[in-house]
Amino acid sequence: MTDRSTDLVVISLVCAVMAAIFITDAVTSLDIAVAVLYVLVIMIAMRSFSAQGISLLTLACTCLTLVAFFISHDNLLCAAFARCLVSLVAIAIAGWLAVTTKQFSDRLQAQLKLLAQTHDAIIVCAIDGSISGWNLGAHTLYGWSEGEAKNRRCWELLNTRSSTPLPVIKDELLTNGYWEGELMETTRTGKEVIILSRWSLYKDSSGRPQAILASNNDITDARHAEEALHRSQTELAHVSRLTMLGELGTSIAHEVNQPLAAITTNAEAALRWLRRTEPDLSEAQAAMERVSSNARRASEVILRIRAWTRKSTPKYELLDIEAMLTDSLTLLDREIYHHRVNIIRYTEGRSLHVSGDPVQLQQVVINLIMNGIQAIESADGQTRDIHVRTRHMDLTIVVEIEDSGTGIGEENKAILFDAFFTTKENGMGIGLCICRSIIEAHGGKIWGECKGKQGATFSFTLPALKQESAA
Amino acid sequence: MSDSCVFIVDDDQALCDALSSLLRSVDLRVKSFPSPQEFLRHPRPDVPSCLVLDVRLKGVSGLDFLTRLSELKDCIPVIVVTAHGDIAMSVRAMRAGAINFLTKPFRDQDILDSVMEALEQDRQRRMRDQNVIELGARHSSLTPREQQVMAMATAGRMNKHIAGELALSEFTVKIHRRSVMKKMQAKSFAELVRMAQFLSMHQCE
């Protein structure tokens, strides 16, 4: 309403001034270019009139000047005519300038409005945090209006928390002039939001920091979706591990049973050595030592299986690839024996270290080798070999598992790692899909190809740890 | 029991050690091998012996090896042990000639009993073999006519029938019978009949 009334005042003022100038110009015969004063009218109108309005006003002023000239002067060729021309030129120039200025400021206004429309919450605050700018996005995100937020301490108002302490962030901002990171903040309604925040430092001409411009995005939903995805991936990996454990049941039973059998027999042997008429203590001692070492062996197997069944988020640790492969092959020992497959290992002889979750990586290896064994079984060929190669390549470690099985059909190459793709009669088609998500989560790549005449080669890479950090 | 020997074939060193200790504690001689090939390569002493064989071996299955042993006409009694036995496997083992099938972990008494039984069986087999050789030697010391008379007499034919069939006098048949009894070292005619049965059983084999 205030805008409307201001407009009315301006219009009436414009009309009054125009009328005054016209009367003075037409009635009085002063020897000055009164019509030049129309420039004033245009300048007054500039604030409220549109570019088109200003053009029309300029035209009107020109007409009034000409009308006043014809009313007050009969003779066209006189000094008054020259004055009239000067006035017309002045009005035209003023009009043109006013229109261009108006158009420019309109464009600027439009852009400003667009900026204000952005969903990003844009906050401008002083170095001490007192808020001086607060856009619509900030209002929508946090719930406080611009008026309510202004002059309050930004980080207190929003209860800003971060994994990096605030002073450290500020220090970084002051040194680099820029900071980007994630913050936890609380809205007016008390809702916790995760914010992706980009800060930049505004400095005055002498380079003194003046204000902080923060552009904030609410990534709570995206983060939650991401976490849900991770959770379901972990769960899927867990379920598939359990399935694999089921398939490996006999192997595992054997792994545990073997040391248990050794323990029982050793203990009974020890008792017999002791019960002899002349107890043989050294034999009994040797048997008891074997009891303890076999008990350790059994508990190691159980520990490995417990790790397999635990449903936990991946724990990344320093890992020797060779040891990881040996562990995986131990779990597969019986399958390998049962299907009469030969495992041939090739190593470079130096330790290859990565950062990874041992259980998940074992899962990948076991999955690939089980696939290899099954492929060999269905190919039913003469060679029953699986080659396991590890090597260093630039900054990555490559693990290659090559079987002599049925190989990969040309039509299946592209969809090998897709979920629910399977060539097995009762396969679920999630094994390779999980392998890929595990390897990618470790920052590596996995692929399958047919190298030789028969069989398939599955390879995966993992980023190598530098030797000094591995040591 | 120092005149016997127990062989163990198991690729799991821990189990070999345990079993070996258990058997040694009852004064048995024990020799263990990680693979069947090494067992076959090893010269065996000529004493009652038996083999404790694990089903699960690297390279060759224990059951296949058992079949191989019978193909080689190796009569050593075999006790099959396994960590994960099922009925099908035990049937296969027994049909392939195992004298017992034990599931790990086994009770010490069970394995010791089995081993003792196996050794006893081997001892008897060895004695039997010895008998066959001795009786065979005695039998071959008989003249062809005496062998004929022995075969017919132990089959229950009367002297006069034998005499009629062989165109001999009954008296001559009696002399042959006495000579047979003497050469075969039979104390009674009943013993001679048993000897004849024993010989016919083992010579056919």
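At 17% relative accessibility, A:His353 counts as buried (under 20% relative accessible area is buried, over 50% exposed and in between partly exposed, with a 1.4 Å probe and protein chains only). The residue sits in strand E8 of chain A, residues 353-356; helices (H or I, at least four residues) and strands (E, at least two) are DSSP runs numbered from the N terminus. From A:His353 to A:Glu322 it is 31 residues along the sequence and 8.7 Å in space, C-alpha to C-alpha. The model is a predicted one, so local features need pLDDT of at least 70 and side-chain atom pairs count only at pLDDT 80 or more, while totals for chains, interfaces and linings use all residues. Residues are numbered from 1 along each chain as its sequence is written, chains are lettered from A and ligands numbered from 1 in the order in which they are written, and side-chain values use heavy atoms, with hydrogens and water left out.

Now for the sheets. Five strands of chain A make an open, antiparallel sheet in the order E2-E1-E5-E4-E3, where two strands pair if DSSP finds at least two bridges between them. Its edges are strand E2 (131-134) and E3, each of which pairs on one side only. On average, neighbouring strands of this sheet are turned by 25 degrees against each other, direction ignored. Inside the sheet, strand E1 (residues 121-126) of chain A runs antiparallel to E5(A), and six bridges join the two. A:Cys125 stands opposite A:Ile212 in E5(A).

Two helices go with this sheet. Helix H8 (residues 166-176) of chain A lies across E3, E4 and E5 of chain A and runs at about 155 degrees to E3(A). Helix H9 (residues 220-247) of chain A packs on the sheet too, touching E3, E4 and E5 of chain A, and its direction makes about 130 degrees with that of E4(A). Contact here means heavy atoms within 4.5 Å; axes are lines fitted to C-alpha atoms, for helices over the stretch in contact, and angles run from 0 to 180 degrees between N-to-C directions.

Strand E10 (residues 396-403) of chain A is largely enclosed by the rest of the structure, because seven of its eight residues are buried. E10(A) also pairs in the antiparallel sense with strand E12 (residues 457-463) of chain A, over seven bridges. A:Ile401 has A:Val388 opposite, and its bridge partner in E12(A) is A:Phe458.

A cavity is a set of points on a 1 Å grid over the protein atoms alone where a 1.4 Å probe fits but cannot get out, and lining residues have an atom within 4 Å of a point. Grid points are joined across faces, edges and corners, and a volume is the space filled by probe spheres set on the points. The largest cavity takes up about 160 Å³. It is lined by 17 residues, and those closest to its centre are A:Asp25, A:Ile32, A:His73, A:Ala80 and A:Arg83.

The second largest cavity has a volume of about 60 Å³. Its lining includes A:Cys125 and A:Ile212, and E5(A) gives the most, with three residues.

Terms used:
On a 1 Å grid over the protein atoms alone, a cavity is a set of points where a 1.4 Å probe fits but cannot get out, and a pocket is an open set with protein on both sides within 12 Å along at least five of seven lines; lining residues have an atom within 4 Å of a point.
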